[in-house]
Amino acid sequence: MGRKFFVGGNWKCNGTTDQVEKIVKTLNEGQVPSPDVVEVVVSPPYVFLPVVKSQLRPEFQVAAQNCWVKKGGAFTGEVSAEMLVNLGVPWVILGHSERRALLGESNEFVGDKVAYALSQGLKVIACVGETLEQREAGSTVVIAYEPVWAIGTGKVATPDQAQEVHASLRDWLRINVSPEVAESTRIIYGGSVTGANCKELAAKHDVDGFLVGGASLKPEFIDIINSATVKTA
Ligand SMILES: O=C[C@H](O)COP(=O)(O)O
């Protein structure tokens, strides 16, 4: 059994209630492959998580864009992993390069967050730049390779560039974790993915899906979900 294609939509710090309603409508009406073929996870800002979760078609899941590094308490402005679990939010994105660059999140801090979120039963989309910092065997982790130069720039990695890095991440897992974990971990690509370039990227052996920013706010996100069929063709 191969790795199921994974498409994540990271809305980042975007959206009004009206826009969210529109995006959810587009997602709910889109023709997409069955959940056996593609796993779709959208990540609105925290404040919209409950409304999106309650209105989204049931086969699509939601992710938070971050969570606190340990148990909640006196940490003003933070949201804990326990709260996400309590709300029924199954996924969290951790270590996005925007948080690393703008908020100074270090590899160690991100690693601690990944470990804590997994310990609470969350599934993690762990974002890496050029190196792999953290892994946890036995839990659900999707690794997002996001070259910083490709994020929000319109400058997408070529399919060969993405394949090369994904293959080396998988090799790292094979050597440092186990062949089983290397084979089963989904390694997804993020950085200027669009409806126009997704199929060529999806065709690469070690590209198991996408983490989409800008295009996840637009109807073309449905086309990106549909690129999963490249794997089954
Ligand atoms: O989380 C998504 C990535 O940062 C990619 O963003 P982008 O598709 O707008 O380049």
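The largest nonpolar core has 67 residues, and Val7, Val92, Ala117, Val124, Ile125 and Ala126 touch the most other members. A nonpolar core here is a set of buried Ala, Val, Leu, Ile, Met, Phe, Trp, Tyr and Cys residues joined through C-beta atoms within 7 Å. Buried means that 20 or more other C-beta atoms lie within 10 Å of a residue's own, exposed means 12 or fewer, and partly exposed is in between, with C-beta atoms placed from the backbone. In soluble globular proteins, nonpolar side chains tend to be buried together.

This is a predicted model, where local features need pLDDT of at least 70, side-chain atom pairs count only at pLDDT 80 or more, and totals for chains, interfaces and linings use all residues. Numbering starts from 1 along each chain as its sequence is written.

Now for two loops. Lys12 sits between strand E1 (5-10) and helix H1 (17-29), and Ser192 between strand E7 (186-189) and helix H8 (198-202). These elements are DSSP runs numbered from the N terminus, with helices (H or I) of at least four residues and strands (E) of at least two. Lys12 isn't a glycine, yet has a positive phi of about 55°; Ser192, not a glycine either, has a positive phi of about 60°. Lys12 counts as partly exposed because it has 19 C-beta neighbours inside 10 Å, while Ser192 has 21 other C-beta atoms within 10 Å, so Ser192 is buried.
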